[in-house]
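Subject: Structure for you to look at

Hello,

I am handing over the structure that we spoke about, and below it you will find my notes on what turned up when I went through it. Please read them with the model open beside you.

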Amino acid sequence: MPLSNSTSAPAAEVLLPEGLRSESLPRHVALVMDGNSRWAAARGLPPTDGHEHGMRALMRTVRLCRAWGIRVVTAFGFSLENWNRPKAEVDFLMALIERFINDNLAEFMREGTRLRIIGDRSRLPISVQKTARDAEEATRNNSRLDLVLAISYSGRMDIVQACRKLAQKVDAKLLRPEDIDESMFADELQTSCAADESSSSCPDLLIRTSGELRLSNFLLWQSAYSELFFTDTLWPDFGEAQYLQALTAFQSRDRRFGARKHNAAL
Ligand SMILES: CC(C)=CCC/C(C)=C/CC/C(C)=C/COP(=O)(O)OP(=O)(O)O
């Protein structure tokens, strides 16, 4: 199938499951896809089988995002710290990421999904860098769902690289230190690719599977006011029922962003 550069899917009908309200869905969902290895170990399988099933769970979730009208999904596929895993597992994950992009590119084009990669891509194998770059270019005009893959990503490094860029501008006298504000800082973060005219790039909802209760260096700046949802489900088992549970929990939260409601009693 030819991959043109202009596949913005027509406004698709959103069919929400009963109980979900369209007006208070998260715009941006972040995923820490944890538990692939434990899922595999529980079945006497190698970790690679867990990652293989993890990849399927990611595509299931991407499809649900599109079906339910969620605009941005950012998935933590590989952290900067993950380079310390056994070489065979790292090599497998790199090949899996490449295969994930290649196998799903036609669907991304057909269904209006824009792919973006964040993280230190200079450390990725050259073929993964090229596959990612080509897919980003091919999908750049798609507008139904932004799929942001965090690969070789570290939230702290993202903050450091944003500081460097601003420092260089100050050095070049393009900027005064006192002019730097939160919005200018956020524009230098890699996630700024998921912002639009009216919304920041911050996830409204951050989901972590497998029972671990931490951020693990994911979206540190951006998660300041994210609603956090933790589930014991291991990532390969994450499906419609678990996603629905997370979204239902999100809709029951009272997001105050530090402000008191006008009519709240003192
Ligand atoms: C981007 C992309 C195509 C991803 C598809 C495969 C996928 C879901 C990768 C996540 C990799 C990862 C380090 C998961 C953490 O589970 P773990 O292995 O640390 O599990 P454990 O906590 O049980 O050890």
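Gln222 touches Tyr153, Asp158, Leu189, Thr191, Ser201, Cys202 and Pro203, where residues up to four places away in sequence are not counted and a contact means heavy atoms within 4.5 Å. The side chain of one of these partners, Thr191, is also joined to the side chain of Gln222 by a polar contact of 2.6 Å; a polar contact is a pair of N or O atoms within 3.5 Å, and within protein one of the two must be able to donate a hydrogen and the other to accept it, while residues adjacent in sequence count only if both atoms are side-chain atoms. Gln222 lies in the loop between β5 (205-208) and β6 (227-230), and with a relative accessible area of 3% this residue is buried. Here buried means under 20% relative accessible area, exposed means over 50%, and partly exposed is what falls in between, with a 1.4 Å probe and protein chains only.

Before you go further, please keep in mind that this is a predicted model, in which local features need pLDDT of at least 70 and side-chain atom pairs count only at pLDDT 80 or more, whereas totals for chains, interfaces and linings use all residues. Residues are numbered from 1 along each chain as its sequence is written, and side-chain values use heavy atoms, with hydrogens and water left out.

Two further residues in the loop between β5 and β6 deserve a look. Asn217 lies in that loop and has a phi near 70 degrees, a positive value in a residue other than glycine. Leu219 lies in the loop between β5 and β6 as well, and its phi is also positive, at about 45 degrees, although Leu219 is not a glycine. Both count as buried, Asn217 with a relative accessible area of 14% and Leu219 with 0%.

Glu81 and Asn217 are 136 residues apart in sequence, but their C-alpha atoms are 9.1 Å apart in space. Leaving aside residues up to four places away in sequence, Glu81 touches Tyr153 and Asn217, and Tyr153 is also among the residues that Gln222 touches. Glu81 is partly exposed, with a relative accessible area of 39%.

Two buried residues elsewhere in the chain come next. Trp235, in the loop between β6 and α7 (240-252), has a relative accessible area of 1% and is buried. Its contacts, again without residues up to four places away in sequence, include Leu31, Met33, Asp34, Ala57, Leu58 and Thr209; Thr209 is 26 residues from Trp235 in sequence and 5.6 Å from it in space, C-alpha to C-alpha. Thr113, for its part, sits in strand β3 (residues 113-118) and is buried at 0% relative accessible area, and among the residues that Thr113 touches are Arg66, Phe108, Thr139 and Leu147.

Is Lys173 buried or exposed? At 75% relative accessibility, Lys173 counts as exposed, and its place is the loop between α5 (155-171) and α6 (182-188). Lys173 and Asp204 are 31 residues apart in sequence and 36 Å apart in space, C-alpha to C-alpha.

Last comes the chain as a whole. It has seven helices and six strands, and these are DSSP runs, H or I of at least four residues for helices and E of at least two for strands, numbered from the N terminus. The radius of gyration of the chain is 19 Å, close to the 18 Å that the globule rule gives for 266 residues, so the chain is as compact as a globular protein of that length; this radius is taken over C-alpha atoms, and the rule is 2.2 Å times the number of residues to the power 0.38. Of the 266 residues, 47% count as buried, and among contacts between residues at least 6 apart in sequence, 78% join residues at least 24 apart.
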